[in-house]
Amino acid sequence: VRIGSEEHNDALTRIGHLAKELKEGGAIAEQIFAAEVGLLNCSLFQAWTAEGLMGAHGLLTFQDVEKAHAIWRQADEHTQNIVALAPTATTKHNFLSTRLYYLIMNPRQHILPQFDLEECFGDGHWLRESVERYDFTTSHSVAKQAGQHLDNFTFAQAPIAMLFFFGDLAQARATLVKVIAAHKQMLARVRQGEATADGYKTEALHAGILVPTALLLMGESSLLRDFMTNSLHGVLLEDESVRGAAGTLADAFPISDDGHCLYKVDSVVLLNRAVAALLDDPSDASRAALREWLPPAAELSHIAEFELWLRSIIGSHPSLLCARLHGERLGDWTAAAEVAEFVLAVESFNPAVRTEAHRLLGRARAALGQHLAA
């Protein structure tokens, strides 16, 4: 069933109705826990729909962002109910990591006055506790069997929160080390036949965006090389099964008649290549290799416009990373400026993407001698 189809939407509606009936009908705690998980999943797709990600297109309005935020808040309430009902401490902390998805991964809501950072995180105690309690040996199997069957800790949302909202570089780095260690074990499990790349496609996708985002900002090239060498996302180019798994996730979502979609697997591959190129030492050979695959500005702008999820999340955008390579490595700051300006034109609300685009545009204009415009 394609996500966002009439059949899928009908199923979500039935799940929502059944979950509400369970909650209101005096169900036992285990049933209420399951009902809250169902309502949480419904909220996810409702919020994505409000943000125009389910096959819709066109520029969002401020009212769209407000509507999505209200639904993300509902999702957070369901997650907190799940945490309160969790049968074990491990399950509780897995869903605390899940909570970060609704608070962190979808940053358009961060521009709203009603997004209350203190209400979400307090002093950061629950965030740090969820990181400290995570242990791959015990936590991973529980996460993959419960709720959404995802190990949300490995998405790397916690270090992004520590970096962006608390400015805690030391804790962010320590958490990234832990996240990378988990991805090493996931890769090992796939290579040993204990798991499949398809079973880890969601974790690999999110970490493949968020881990490089954090480590590039922190200047941690050594850690980033470790991740790119020892993770499913890192072996995307060379392993067809991993690349195929990433494609099945993209294919599950709707594509509009004019080509708007959530994302394409080719753009995930492009992100992988861009990060690897940024880690290469500049040389005539690396620049020649770069010219063979680096898309032109028009193609990068097309990705930014038509692949809706990539500019709705908090991570680095592949079009902007590639535009950075045009400027830094090939000296084509005109192309870099063109892409940055286009991203700013089509994405009006995401503060992470807009900040990245403004930084690149400022560098490009300075390099082009347009100092007052920089």
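Reader: Which helices do the buried residues of α8 pack against?

Author: In this predicted model, the buried residues of α8 pack against several other helices. Two of them are α9 (169–191) and α10 (201–218). The others are α4, α5 (117–121) and α6 (125–133).

Reader: Why is α8 largely enclosed by the rest of the structure?

Author: Helix α8 spans residues 157–165. Among its buried residues are Gln157, Pro159 and Met162.

Reader: Which residue with a positive phi follows α8?

Author: A residue with phi near 60° follows α8. That residue is Gly167.

Reader: Is Arg99 buried or exposed?

Author: Arg99 sits in helix α4, residues 89–105. Its relative accessibility is 6%. Buried means under 20%, so Arg99 counts as buried.

Reader: What is the length of the polar contact between the side chains of Arg99 and Asp76?

Author: Neighbours within four places in sequence aside, Arg99 is in contact with residues including Asp76, Glu119 and Trp126. With Asp76, the link is a side-chain polar contact. A polar contact needs N or O atoms within 3.5 Å. Here the distance is 2.5 Å.

Reader: How is α3 oriented relative to α4: roughly parallel or roughly antiparallel?

Author: Helix α3 runs over residues 62–85, and its axis comes within 9 Å of the α4 axis. The two axes cross at roughly 175°. That makes α3, relative to α4, roughly antiparallel.

Reader: How many residues of the contact of α3 with α4 are charged?

Author: On the α3 side, the contact includes Trp72, Asp76 and Val83. On the α4 side, it includes Lys92, Phe95 and Arg99. The contact residues divide into nine nonpolar and two polar, while the charged ones number three.

Reader: How many disulfides does the structure hold?

Author: A disulfide needs two cysteine sulfur atoms within 2.5 Å. For Cys261, the nearest cysteine sulfur is that of Cys322, and Cys261 is in no disulfide. The sulfur of Cys322 is likewise too far from its closest cysteine sulfur for a bond, because the distance is 16 Å. The structure's disulfide count is zero.

Reader: What is the relative accessible area of Cys322?

Author: Cys261 is buried, at a relative accessible area of 4%. Cys322 is also buried. For Cys322, the value is 0%.

Terms used. Residues numbered from 1 in each chain as written. Predicted model: local features only at pLDDT ≥ 70, side-chain atom pairs only at ≥ 80, totals over all residues. Heavy atoms only, no water. Buried < 20%, exposed > 50% of the residue type's maximum accessible area, 1.4 Å probe, protein only. Helix = DSSP H or I, 4+ residues; strand = E, 2+ residues; numbered from the N terminus. Polar contact = N/O pair within 3.5 Å; in protein donor to acceptor, adjacent residues only side chain to side chain. Contact = heavy atoms within 4.5 Å. Axes fitted to C-alpha atoms, helices over the stretch in contact; angles between N-to-C directions. Parallel < 35°, antiparallel > 145°, perpendicular 65-115°, else oblique. Nonpolar A, V, L, I, M, F, W, Y, C, P; charged D, E, K, R; others polar.
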